Structure formats: C-alpha cells, structure tokens
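Good morning, and thank you for coming.

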Amino acid sequence: MATKKRDSAKEKGGINHMFPQNVGDVLKLMKEKNIQHIDLRFLDFLGTWQHFSTPPHELDAGTFEDGLGFDGSSIRGWQSIHASDMLVIPDPKSARIDPFTAAPTLAIICDIVDPITREPYSRDPRNIAKKATAHMKNIGVADTAYFGPELEFFIFDDIRYDQTPNSGYYYVDSIEGQWNTGRDEKPNLGYKPRYKEGYFPAPPTDSFQDIRSEMVRTLEEFGVMVEKHHHEVSTAGQAEIDMRFAPLVEMGDRMMWYKYVCRNVAKKHGKVVSFMPKPIFGDNGSGMHTHQSLWKNGEPLFAGNSYAGLSDVAMNYIGGILKHAPALCAFVAPTTNSYRRLVPGFEAPVNLAYSARNRSAGVRIPMYSPSPKSKRIEVRFPDPSCNGYLAFAAMLMAGLDGIEKRIKPGEPLDKDIYALGPEELAGIPSVPGSLEEALKSLEKDHEFLLKGDVFTEDAIETWISYKMEKEVNPIKLRPVPFEFVLYFDA
C-alpha cells in the first residue's frame, strides 16, 4: 500500500506493452499480435481458474455483449444439471497476452451471467466482489477500497500424495530442504536454510532468487506491479512476492494472474509452486497478510488522530473485522489445512486483537511511514488458499458493518502475545480452531454479508454445504499417518 505513482508495463515495454481499455483495443491487439487463440477465464466458486479457448474468428464486438455459452453444472459449487447453461462475458480491460502458450494467445477474464435473465450470476466470485464495491459506494462511506495481499508460497522440486482404502501418504521435497543436508547430491553443497531461518539470507543459501525475479518480470508484463520479493521464513523454498495495492476487483484479478504466473514460471524450471497453507510439519506455514484501506474523493479515510494515527473510521473498520473474524475465517482461511497453520501458541496470528507494529496480533497497523496516504490496516489471519474475490469482499463487508454500527475494537494489545501467561491470554478471543468451527460461525453470523445483496443466502448456504460435504466430512473419515504412530499398538 505504498504511495508511489503507479507506472505500467507499457512504460517498461514487454510482451503486454498495450493494455486494452475497450473492445476496440482488444480487436486491434488481436490483429497486431496475430493472435491465434482466445482463452476465456473465470473463477469457480472455490477459487480455481477455469478456462476454455476459441479461435479469433469467434470473438467480435458482439461477443462482449452476448457472451459465449458453457456448461455450468461441471463447475464446482455452481449450477445443477437441469439448469446448466451459463454465459461468459469477456471483460476487455482484462485482456493480456499469455507468455506461456506455444501459439500467440490472448487471455481474457470473464464475468458470468444467466442466459435467461441476463443477470450476473450470484455465485460468480467476481460478481460478488463487484457488488461489495458497489455497496460501499451506495452507502456513501467510500468510493475505493484498496487491498494489498502478501501471498506466501512454497517452491518444491517434488510432490507426491495418494489416498486409498488401505493407505495414505504425502511427500514433498526441495533442494533447499534442511532435511536434505545429509543427502548424497553428488555433490551436496549445503546452503540449505535452517528451519525457521529462511528470512532472508542472500544467495547461495537463497537459491530461488532468479526464479522469483523471473516471476516478478512476468507479473509486471501483465501489469501487476510488484514492490518486492524475498525468501520467507521456512526452509524448502518458501517465498513471498508483494504486489502493489489495487482496488478490490482489480486485486482479485491480479491475485489470479499472480498464482498463474508463479505456477507456470516454476513449471518452466522443473519446480512446482504450492499455496497450501501448511505443507511442512515443524516450520512456518504460508499466510496472506492483507493490507486494506478506504478512500473517498482521492483522500485517505484511515488517517486520523486516534490510536497509531488512525481515524475513527479505521478504528470502527477494525471493530467490524474483529467482531466478524470467526465468520470471515470461512472465506479467508477456507481449508482444513488452514488450521494446521492457525494453531495457538505458535507464530500464527490466531489472537483477535489489534496493535501497532505487533505481528502477533490478528490485525496490525503498519508504521513504516507517517504519510496519511500510507495509513492502512493489515489483517494477518488469511492465507493464500482463499478465493481472493470472496475473501476481499467479505473483509470489506465486515469493515463496513463496523463503520455503520460504529463498532469499537476495544483496547489495543501492545505486548508480545506469545509471551503472555494463561490468565492474560484467557481474555483474548481467537480464530476458530477448525474449518468446521469457522463454517458454523458463518452460519450464525452472516447478516453483514447480505447487505446490498452482495452475498446471497444461496451463495452462503452453498459455500457451507460444499465445504462440509467435500472437505470437512471426508477428512473426518480418513486416518492420517501420524495416527498410526500414536495408536497402531493401542
């Protein structure tokens, strides 16, 4: 959320030297770059990019109004088979040339509409994000919500896993893994970050500098501006690339390009990227600390004279986040694996308190700059397995509810929470201990999400039922390897 003037990849050159602003620009770009395929992309309900491709002659000015059809019943969490027809409507401003395809391909992010009613689809995550922004404007609080997520991820060399009725295992490996210091690598040169010491020694210990740098260059060619990149705390190639802040919907788009670029650059180098929150036991997991602020008429609304230089608006926004945090976790920490990271007593931000500078609090107020324009809050319990559109929209709605109801966040906690005794900790609420608990919290507390028809009852019910049926309950039914260590001879 820095205050630097935004530049663009157009000024830097690169494959995407022209970013279309309208349909005419797209058609012109297709001709100039001899585009041979159009790749239409949208997000399923859970957060995975879907796509299908069409020849250029199938895309004309009318397509951006009429759309193209596809089977919505085959998309996770979407239509039933008896009402499966859906339409993608390409967004011309999102068009980018894909650097990873053999033939010149133009990728375009799409919105989803019902072919009968022509209404935006209520379970389309991008539509939910747009409605959250519209609701913010309609109630007059702000005209722009900026989000700046810091996604962490692992770069692995090998990943294997399987689950059968009589067996189950996973195996991840990395040339950087501290567990490989004794492996015969002909030769083994050492330089493997120690557990919890990956933040952030220079090369050769950081062996992924060049790969991350290539990811950054590619992102900027897509117009995704980057502020910095570095090795993260964990051994085994944990990384972070920080994008410059952007408005909510645009940041949802950028997060999808981010994951796409990181995965494909890694694949080009024979590596694999995982955004799974906790793939390694005994070392840090991957979070997604999310900076956010509200602006109106070009002025920041979070700067003021309250605690840590915040305004009353910002304090109430924090109040909304903390009040609704258990329900928010269903969207911002949406996997069973998320709660292997969010464990009390370790470094994960499980405590629902706020503080300036203090990284042990669930909400932190960064203090890097005294400029009012840099004033923001950082919500620390989300992780990168989330659907960005839904996570950002849900956090915005919680913050807006705090502003509307003038919810006070209580007193700040300017102590090392992990050094507090049991009596002091007893008074500090924490995030849910499991995905099931988070989903139950969402079931009880979701009125704030329904305002402005941003999330519908149908969307929330579908999210809860899908997560319970497809993730929570299947995990309950299966033994895990460590249970054999504990109980085989019981």
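Arg123 sits in the loop between β6 (105-113) and α4 (125-138); helices (H or I, at least four residues) and strands (E, at least two) are DSSP runs, numbered from the N terminus. This is a predicted model, in which local features need pLDDT of at least 70, side-chain atom pairs count only at pLDDT 80 or more, and totals for chains, interfaces and linings use all residues. Residues are numbered from 1 along each chain as its sequence is written, and side-chain values use heavy atoms, with hydrogens and water left out.

Is Arg123 buried or exposed? Arg123 has a relative accessible area of 13% and is therefore buried, a word that stands for under 20% (1.4 Å probe, protein chains only), with exposed meaning over 50%. The Arg123 side chain reaches the backbone oxygen of Gly77 at 3.0 Å and that of Trp78 at 3.0 Å. Leaving aside residues up to four places away in sequence, Arg123 touches Phe45, Gly77, Trp78, Asp458 and Thr462, where contact means heavy atoms within 4.5 Å.

Let us turn to helix α13. Helix α13 covers residues 457-477 and bends by about 40° at Met468, the bend being the angle between axes fitted to the seven residues ending there and the seven starting there. Among the buried residues of α13 are Thr462, Trp463 and Met468. Their cover includes α7 (312-332) and α9 (388-405).

Finally, confidence. The mean pLDDT, the predictor's confidence in each residue from 0 to 100, is 92 for the protein. Over residues 2-16, however, pLDDT stays under 50.

Note on methods: Expected span 1.5 Å × (residues − 1). Polar contact = N/O pair within 3.5 Å; in protein donor to acceptor, adjacent residues only side chain to side chain.
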